[in-house]
Amino acid sequence: MKITDVKTEVFRWPRHKPIRNGLYTYTHSGLNVVSIETDEGITGIGLAGGIQDAPDVGVAIVNHFKQVLIGRDPLDNERHWHEMWRPKLVGRRGITTRVISGIDIALWDLKGKVAKLPLYKLLGGFTNRVDTYIAGGYYEEGKGLKELAQEMERNVELGARAVKMKVGGVPINEDIERVRVVRESVGPDVKVMVDANNAYRHYEAIEFARKAEKYDLFWFEEPVEPDDYAGQAAITHATSVPIAAGENEYTRYGFRDMINARAVDILQPDALILGGITEFMKVAALAQANDLDIAPHGNQEIHIHLVAAISNGLILEYYRDSVDPMHGKIYTETLRIKDGYVYAPDRPGLGIELNYDALKKYRVS
Ligand SMILES: [Mg+2]
């Protein structure tokens, strides 16, 4: 089997209204699709993280890597990863590694289709049912404590037994009040996580964590800048709340360094960012060797397979329509939460098919 073409499509659409976390405001969401075509008529689909905000750069990098891939056997993912990831030419992090991620995910989708196996089975098959949390709790215009509580109550109605909210975007005592309201609205048996998206200095994060401890947080995510391993390690020593991080980390080398610094309790690799599924599985193994669990960041359709494949998959992140107006419309079938769990699809590969009828009006490339 040979690769005959590598194509990329970028879609970008407005959110209901801008959503804000500890540091950033997001007006749009999007989807960055990489398709790998073969001489046997089988096509693999992959997604790359965050290219919609720099589509010209992303498409140019895909076209650069295309020269490496045309004519090659798509099943040789380890070799392709090695040859695309040339640190001197393309850089060790950032958008090039995100593009490699999209290509690598498409190669794995193809491999699953050739093997006629769902990816979670092909990659390890630890389970087909994973614990899931609904992510949200953003800051929005006109959203007060009452609306925040209503959002969380709706998450629980939808079957979530774990919910996540943003912190770091208002003064600490105001956020503590938001955490109190969320804890009271979901009750004592639902897990509550908080995510600062790198908004704090380490001493502020320690103050927040100590004040929030009484609300029984399941984790405190990205308290500080992603490169501040020492600051993050200091937070883990200063609070009983577990620290989660990794969505801004790239490749096995980044996760190795974060683990060696004892800077994290729960790892959050994102296959669409860190280097694809080939690299994700190496991070999962590195975590196993250190008795650490994996709670992937972002895209539920891809990460369901990865959490289900491994023995140290902790929980799946799930975004609903409150955050993304295209939720339920991007794919021909949508993952749903049942009693706190999501079940991995049994279709070959990733088991996803894009719903072009809904996507086409948002095409930017
Ligand atoms: Mg996060």
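User: Which residues touch the most other members in the largest nonpolar core?
Analyst: Ile103, Tyr133, Val163, Val194, Leu217 and Trp219 do, in a core of 97 residues. A nonpolar core here is a set of buried Ala, Val, Leu, Ile, Met, Phe, Trp, Tyr and Cys residues joined through C-beta atoms within 7 Å. Buried means 20 or more other C-beta atoms within 10 Å of a residue's own; exposed means 12 or fewer, partly exposed is in between, and C-beta atoms are placed from the backbone.
User: Which element gives the most to this core?
Analyst: α4 does, with nine residues. Helices (H or I, at least four residues) and strands (E, at least two) are DSSP runs, numbered from the N terminus.
User: And where does the core lie?
Analyst: Domain 1 (3–116 + 356–362) and domain 2 (121–343) both give residues to this core, so it lies between them. The domain bounds come from an automatic or database assignment.
User: Is this a prediction or an experiment?
Analyst: This is a predicted model: local features need pLDDT of at least 70, side-chain atom pairs count only at pLDDT 80 or more, and totals for chains, interfaces and linings use all residues. Residues are numbered from 1 along each chain as its sequence is written.
User: Back to Tyr133. What does Tyr133 touch?
Analyst: Leaving out residues up to four places away in sequence, its contacts include Ala160, Val163, Lys191, Ile315 and Tyr318. A contact means C-beta atoms, placed from the backbone, within 7 Å.
User: New topic: α6. How many residues does α6 have?
Analyst: Helix α6 (residues 145–157) has 13. From first C-alpha to last it reaches 18 Å, close to the 18 Å expected at 1.5 Å a residue. That expected span is 1.5 Å times one less than the number of residues.
User: Which residues of α6 are buried?
Analyst: Leu148, Glu151, Met152 and Asn155. Down the axis of α6, the buried residues fall within an arc of 95°, so they line one face of the helix. The arc is that of the directions from the helix axis to the C-beta atoms.
User: Why would residues a few places apart point the same way?
Analyst: An α-helix has 3.6 residues a turn, so residues three or four places apart point the same way.
User: What do the buried residues of α6 pack against?
Analyst: β4 (129–135), β5 (162–166) and α7 (172–186).
User: And which are exposed on the other side of α6?
Analyst: Lys146, Glu147, Gln150 and Glu157.
User: What follows α6?
Analyst: Gly159, with a positive phi near 110°.
User: Last one: what separates the domain centres?
Analyst: The centres of domain 1 and domain 2 are 23 Å apart, taken over C-alpha atoms. Their contact takes 33 residues from domain 1 and 35 residues from domain 2.

Note on methods
Contact = placed C-beta atoms within 7 Å.
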